Amino acid sequence: MKEIIMFTTSTWPHCVPAKEFLKANDIEYTEHNVSEDLDARKLMMKNKLMGVPSFLIDGEAVVGLNKEKLLAAKNG
């Protein structure tokens, strides 16, 4: 399985279904809430990600809930 980092905020409603998709598909990930974590926000911006939910999949920036890429990452 590839490393998946998910960037979220506490208030953006699209983050909830993204987390539900990951959970339903047993996809392991590390969540960084950029509204509460300045270092996470800097990492997100460094990777040119400006919206949430967004992901780093083994270092590749992915904006939004790209189900195909996330399922592929689960399978290695």
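1. Let's start with Asp26, which sits in the loop between α1 and β2 (30-33). Element names follow DSSP runs numbered from the N terminus: helices are H or I runs of at least four residues, strands are E runs of at least two. Phi of Asp26 is positive, about 50 degrees, although the residue is not a glycine. Asp26 is also exposed, at 60% relative accessible area. Here exposed means over 50%, buried means under 20%, and partly exposed is anything in between, with a 1.4 Å probe and protein chains only.

2. Some housekeeping before going on. This is a predicted model, in which local features need pLDDT of at least 70 and side-chain atom pairs count only at pLDDT 80 or more, while totals for chains, interfaces and linings use all residues. Numbering starts from 1 along each chain as its sequence is written, and side-chain values use heavy atoms, with hydrogens and water left out.

3. Two other backbone spots deserve a look. Asp58, in the loop between β3 and β4 (60-63), is another non-glycine residue with positive phi, near 50 degrees. Asp58 counts as partly exposed, with a relative accessible area of 48%. Then there is the Val52 to Pro53 peptide bond, which is cis with omega near -5 degrees. Pro53 belongs to the loop between α2 (38-46) and β3. For context, most residues other than glycine have a negative phi, and most peptide bonds are trans.

4. On the overall fold: the chain has 3 helices and 4 strands, and they run β-α-β-α-β-β-α from the N terminus. Contacts (heavy atoms within 4.5 Å) reach well along the sequence: of those between residues at least 6 apart, 61% join residues at least 24 apart.

5. Which residues make up the largest nonpolar core? A nonpolar core is a set of buried Ala, Val, Leu, Ile, Met, Phe, Trp, Tyr and Cys residues joined through side-chain atoms within 4.5 Å. The largest has 11 members: Ile4, Met6, Ala18, Phe21, Leu22, Ile27, Phe55, Ile57, Val62, Leu70 and Ala73. Two or more residues come from each of β1 (4-8), α1 (15-24), β3 (54-57) and α3 (67-74), and α1 gives the most, 3 residues. Another core, of 9 residues, lies apart from this one and includes Phe7, Cys15, Leu49 and Leu56.

6. Leaving out residues up to four places away in sequence, Phe21 touches Ile27, Leu65, Lys67, Leu70 and Leu71.

7. How does the size check out? The radius of gyration, taken over C-alpha atoms, is compared with a globule rule of 2.2 Å times the number of residues to the power 0.38. For 76 residues a compact globule would come out near 11 Å, and the chain's 11 Å agrees. The C-alpha trace spans about 30 × 25 × 15 Å along its principal axes. Lys46 lies in helix α2 and is exposed at 66% relative accessibility.

8. Last, the surface. Buried residues make up 34% of the 76. The chain exposes about 4,800 Å², with carbon and sulfur atoms supplying 52%; areas are Shrake-Rupley with a 1.4 Å probe, and for residues only the protein chains shown count as cover.
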